[in-house]
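Please open the model in a viewer and keep the selection panel at hand. The stops below are meant to be followed in order.

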Number of protein chains: 2
Amino acid sequence: MKEVLLVLTNRWADWEASFAVSVINSVPMYKVKTIAIDNLPKVSIGGIRAEIDYSIKEYQQLDNLAMIILPGGYSWKEDQHEEIANFVQKVSASHIPVAAICGATIFLGKWGFLNSVNHTGDDLDLFQKEKGYNGQDYYVSAQVVVDKGFITANETASVEFAYEIFKILKVDEAQEIEIWYDNFSNGTAR
Amino acid sequence: MKEVLLVLTNRWADWEASFAVSVINSVPMYKVKTIAIDNLPKVSIGGIRAEIDYSIKEYQQLDNLAMIILPGGYSWKEDQHEEIANFVQKVSASHIPVAAICGATIFLGKWGFLNSVNHTGDDLDLFQKEKGYNGQDYYVSAQVVVDKGFITANETASVEFAYEIFKILKVDEAQEIEIWYDNFSNGTAR
């Protein structure tokens, strides 16, 4: 059973990785664990105090790691999060996928992880405007982009984000993943 | 500042109330707090160990309560949750709205809260079939139903569920709530 790490920061966005982790943690191949720069609970935007399974310092061995997921949240714009950046670097260098949504895409952009690839994100777009970039190098107007081991998504694309993650992690048969996506995109009361 | 209580049970569904609580807890009028039958952390389907602010026993005074929200989760089918049912009864008798989604609608149905009103819910439908009900009395094929102080929703309707809650709690100007709903229903990268 491999681990999928949810990287939590203060004021993490409740909804952004919620579809992803609930399915991943329900299949036999994976277990979701929370990780942060320390072991103190991290409070979501919605007021949920989530306990932390691992500090980054104590997570040295990546052999059992299938993916890391970075939900958005207010702290990505406020702090540098250098320790998390170093961890992303290590994970990415080990060819383990990194999934980021909303504010976490800014963080990846700031640290240069997305410079050579095409990525999306409302906030990434804002970040580029602030920096005077025209965004043409790597900005794509799409809800989710998957490229070179990085999955990036807009804050309004939590279902699409989960869908792309499910295909990469192969959480189920392709057809079942399509049914899940159709239900959660369009509703079941049709 | 009034409180909105998120009622957590073991294996609560991460995504179902996530849109609702993140907006409610971000506006000045409300604060989201977690409540459960005891003070032990409650682990979500996705593996998040959420700490508990109040046990039901210690929450006797409802003057400062604006709403309770019951996310779905696996334990609603397994346990009776009598203590939560008594709390719902007390809240409802005080004319404070009760919002429930997915498995939590079964729980409300089991305890008779929805018998005289029209409600929705995939699981409520299943529950009715198991019990031999034809469902015509109170089942509606819709993603969300708001009726007589109860808001009920399907598991695939977390955005619609939040939208109905926002209108009742008046978290923002009507027009802003519509913009939020449009963005989260249709995406921002259009």
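**A loop residue in chain B**

Begin by selecting B:Cys102, which lies in the loop between β7 (98–101) and α4 (103–110) of chain B; helices (H or I, at least four residues) and strands (E, at least two) are DSSP runs, numbered from the N terminus. Its phi is near 60°, a positive value in a residue other than glycine. Most residues other than glycine have a negative phi. B:Cys102 counts as buried because 28 other C-beta atoms lie within 10 Å; the term buried requires 20 or more other C-beta atoms within 10 Å of the residue's own, with exposed meaning 12 or fewer and partly exposed the range in between, and with C-beta atoms placed from the backbone.

**Numbering and confidence**

Residues are numbered from 1 along each chain as its sequence is written, while chains are lettered from A and ligands numbered from 1 in the order in which they are written. The model is predicted: local features need pLDDT of at least 70 and side-chain atom pairs count only at pLDDT 80 or more, whereas totals for chains, interfaces and linings use all residues.

Colour chain A by pLDDT, the predictor's confidence in each residue, from 0 to 100. The chain averages 89, and 85% of its residues score at least 70. Then select residues 129–138 of chain A, where pLDDT stays under 50 and the model has eight contacts beyond four places in sequence; a contact requires C-beta atoms, placed from the backbone, within 7 Å. For the complex, the predictor gives an ipTM of 0.89 and a pTM of 0.89.

**Chain A**

Show chain A as a cartoon: its secondary structure comes to seven helices and nine strands. Of its 190 residues, 51% are buried.

Select A:Arg11, in the loop between β1 (2–7) and α1 (18–24) of chain A. Its phi is near 55°, a positive value in a residue other than glycine. Is A:Arg11 buried or exposed? With 22 C-beta neighbours inside 10 Å, A:Arg11 is buried.

Move to A:Gly72, in the loop between β6 (65–70) and α2 (75–78) of chain A. A:Gly72 is buried, with 30 other C-beta atoms within 10 Å. Not counting residues up to four places away in sequence, its contacts include A:Ala13, A:Glu16, A:Cys102 and A:Glu155. A:Asp14 lies 58 residues from A:Gly72 in sequence and 8.7 Å from it in space, C-alpha to C-alpha.

Just after α7(A), A:Gly187 takes a positive phi of about 90°.

**A helix pair in chain B**

Select helices α6 (residues 158–169) and α7 (residues 174–186) of chain B, whose axes come within 10 Å and cross at roughly 175°. The pair is therefore roughly antiparallel (angles over 145 degrees; under 35 is roughly parallel, 65 to 115 roughly perpendicular and the rest oblique). In α6(B), B:Val159, B:Tyr163, B:Phe166 and B:Lys167 meet B:Ile177, B:Tyr181, B:Phe184 and B:Ser185 in α7(B).

Definitions and conventions: Contact = placed C-beta atoms within 7 Å. Axes fitted to C-alpha atoms, helices over the stretch in contact; angles between N-to-C directions.
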